[in-house]
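Q: I would like to learn how to read a structure like this one. Can we go through it feature by feature?

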Number of protein chains: 2
Amino acid sequence: VNFVELIARKRDGLALEPGEIAAFVEAAVNGDAGDEQLAALLMAICLRGASPRETQLLTEAMRDSGERWRLAEVVPAVVDKHSTGGVGDTVSIIFAPLMASCGVPVAMMAGAGLGHTQGTLDKLDAIPGFTPVRERADALARLEECGACLAAQGEHIAPADRKLYALRDITATVPSLPLIVSSIMSKKLAVGAGRLILDVKAGSGAFCKTGAEARALAVELVRVAESAGVAVRALITDMAEPLGAHLGCANEVRAALDVLDGGGSGRLRELTIALAAEALSLAGRSVAQAREELTAAIASGQARARFDAIVRAHGGDPDPDLLPRARKTMTVTGGRAGFVQRIDGEALGWVAVGLGAGRRRSGDQVDHGAGITVHVQVGDRVEVGSPLATLELGTATPDERMVADRTVAAFGIADRPPTDRPLILSRLGGSG
Amino acid sequence: VNFVELIARKRDGLALEPGEIAAFVEAAVNGDAGDEQLAALLMAICLRGASPRETQLLTEAMRDSGERWRLAEVVPAVVDKHSTGGVGDTVSIIFAPLMASCGVPVAMMAGAGLGHTQGTLDKLDAIPGFTPVRERADALARLEECGACLAAQGEHIAPADRKLYALRDITATVPSLPLIVSSIMSKKLAVGAGRLILDVKAGSGAFCKTGAEARALAVELVRVAESAGVAVRALITDMAEPLGAHLGCANEVRAALDVLDGGGSGRLRELTIALAAEALSLAGRSVAQAREELTAAIASGQARARFDAIVRAHGGDPDPDLLPRARKTMTVTGGRAGFVQRIDGEALGWVAVGLGAGRRRSGDQVDHGAGITVHVQVGDRVEVGSPLATLELGTATPDERMVADRTVAAFGIADRPPTDRPLILSRLGGSG
């Protein structure tokens, strides 16, 4: 394969052949193609797109660039869950013990956060001693022990994705549907759960700013999963405001515990139940059965007990008092009375990053104790001086006035209450 | 300047700001932007294009990335000539002594060949001892001594172009109008002749396959030159068949001498006179005066004498018997009677490269003795067994049967004579 000719074909809008896609992915890993050639091809894909077949082939080639765990061959019922990333979205940490307590094993490969949302891997890292698995044998052992395995993507899973993602990050080639789909799905397929639940976010706090963008992404993810023989359900969900009231690593673990204990933010709980019900329906339950089973698992304390078991099985201590705390807190209050019209999740996410709760660039240290607690929801009535949010400061020492101003600016307050917006916008996959 | 944001702007089809273009060109030279970032931006420019203003700014930034010779400040009448490259196009080697013998100084920066056309630098290299100038002081000294300087692009002229061109070559980003224009013009402007003659080729043997493509390129080249204060004339000329009867380095020097001696291929002579007449019109002559003066310079032997003087001034020996010769020749004959309908210049150019007369890739050795002599022109009547071309083999030992077959295939012979096609398609610049 001549890489210059291959790049030229995509530049001219022609479809790449299976052999060309395989050669390109192999060359990305073994260095046969230079970074400048990979970058040029990524930009050409960004601007020319890729056909459904090319996306499928690219995903499979990336999956095959490293280890394949094929977990479903040993644990057929195992389910995986993926979110495209939202502010205050700590669903995964609730989902795993909740499903496991209903008898459905869960395997998830968690990633580190970058930008205005936190990664599940960083949140788990706030739990003292918690060690995500990195090898297939350990994943199977954890599934056996506690019904869930939480893994970190090591060098051996989809190395082509690691290579290409690092290049995309510095060459402005992240926003490309085929590249996003192949990046997400290559890792899912390499882990090899036979069932998959997708949460595709739409809104100002998400990667997809509109419902139409989210739908296009969801359609492609579902198509690629189904073509690879995975049973899949996707929900397109609202991310116009933060999902939960808590941002930051330790904060989001506490928020997850609140829901497992039967309380917590209504929206966070609602979405977790909805996603878990989809997973139970893949395991054969009716929707009514599923909701009843999930509610009972929380009410009985079994879901919370399973959380503790999962944390211990991964070497961690589930005592919530051991989670890192803020060094100092600062509560921000509103300057006018009215109704909360909007809460800009992306803006709050970036404030949290500024407090140390996330990463501006890959490799940055995360402060697990830093974060934000939001005191109001969209639709709430507030007065002058009502507390809007509490900033939890860690080791970083930002300009306090500036972060307070930016926090207040994230809240839109108006005279009239906002129109209601549903949390779950639509559903894809299977018969749905 | 954040390079990821800069690339993203071009990816999204937005125009780059002057400061961004300057920063990008500077970063290309000093390494502040990685090759993968430059490659992604080049592909984005390839697919999104650039505005006239962006092209202008890019050209000027590339010009300013290295030395500026500003030759016109010392020699105001100096004229530069550029061809976009054609098969058998040895006009430059005739143009320089012809103009100089008419009292108009010529400065040209010659490039090495790549692909199916030979570079002037390689042809000059066939002359024993010939050394192109690389420094401004030497260029001015040669102009003073013999009225012409033939320079090679060194490290110090438009280094941003060297860097970007090397990247474009391996990332399939060569065919982009703004990138081609800025590459050509940055070097012209860095040398700094105040007058410029452009020969933009159109046809199967040229980079621009159609007249419309050639016209678009010529329009941009003229616009950028005029915006930079250069007096410019461009001819769009036919490159459907080889310009001269000779391909290969020593061969093309001999072909140039034939024209300077008053003979030579009609088309090669016709185009040289036309381009030289444009240059003389920039120097104030009428078209009729110019043609008379040029014809006289050849007839009197002054042009040929000036060739010898220019070669000597550049350290070379002008004795044509010292030019390299082929090791072996092989004449290819036609298999049918009829009229020569077409001669595929690109195909013959690649045959010549196969004989060692050119470079497949940058860095390949060129065999100065290898080449092709074409015995017929489009429109000629041929019989079965008429000699079509003689292959001049050098040190390379290609499959003789294969190269003979490919040579025969380059000649289209039909029952009827072809319709006449003009050599000069149109003229741009000034009042024209």
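**Cysteines, interface, salt bridges**

A: Start with A:C208: its closest cysteine sulfur is in A:C46, 14 Å away, which is too far for a bond. This is a predicted model; local features need pLDDT of at least 70, side-chain atom pairs count only at pLDDT 80 or more, and totals for chains, interfaces and linings use all residues. Residues are numbered from 1 along each chain as its sequence is written, chains are lettered from A and ligands numbered from 1 in the order in which they are written, and side-chain values use heavy atoms, with hydrogens and water left out.

Q: How many disulfides does the structure hold?
A: A disulfide is a covalent bond between the sulfur atoms of two cysteines. The rule here asks for a pair of cysteine sulfur atoms within 2.5 Å. Over all chains, the structure holds 0 disulfides.

Q: Are A:C46 and A:C208 buried or exposed?
A: Buried means under 20% relative accessible area, exposed means over 50%, and partly exposed lies in between (1.4 Å probe, protein chains only). A:C46 is buried at 16%. A:C208 is buried at 4%.

Q: What is the area buried between chain A and chain B?
A: The size of an interface is often given as the accessible area lost when the parts come together. Here that loss is taken with a 1.4 Å probe and summed over both parts. Chain A and chain B bury about 1600 Å² between them, and carbon and sulfur atoms give 76% of this. A:R11, A:E36 and A:L47 supply 36% of the area that chain A buries against chain B, more than any other three residues.

Q: How many residues are in contact?
A: Contact means heavy atoms within 4.5 Å. By that rule, 20 residues of chain A touch 20 residues of chain B.

Q: Which helices of chain A supply the side that touches chain B?
A: Helices (H or I, at least four residues) and strands (E, at least two) are DSSP runs, numbered from the N terminus. On chain A, α1 (3-11), α3 (35-48) and α9 (159-171) each supply at least two residues of that side. The largest share, 10 residues, comes from α3(A).

Q: How many salt bridges does the rule find across the interface of chain A and chain B?
A: The rule wants a side-chain nitrogen of Lys or Arg within 4 Å of a carboxyl oxygen of Asp or Glu. Across this interface it finds 0 salt bridges. Over all chains, the structure holds 54.

Q: Where do B:K328 and B:E400 lie?
A: B:K328 and B:E400 form a salt bridge, with their closest N and O atoms 2.7 Å apart. B:K328 lies in strand β7 (residues 328-333) of chain B and B:E400 in helix α17 (residues 400-409) of chain B, so the pair ties together parts 72 residues apart in sequence. B:K328 is partly exposed at 34%, and B:E400 is partly exposed at 29%.

Q: What separates A:E220 and A:R223?
A: About one helical turn, as they are 3 residues apart in helix α11 (residues 211-227) of chain A. A:E220 is buried at 13%, whereas A:R223 is partly exposed at 24%.

Q: Which residue has a positive phi although it is not a glycine?
A: A:A158 does, with a phi of about 45°. A:A158 lies in the loop between β3 (148-152) and α9 of chain A. A:A158 is buried, at 0% relative accessibility.

How values were computed. Buried area is the accessible area (1.4 Å probe) that two parts lose on being put together, summed over both.
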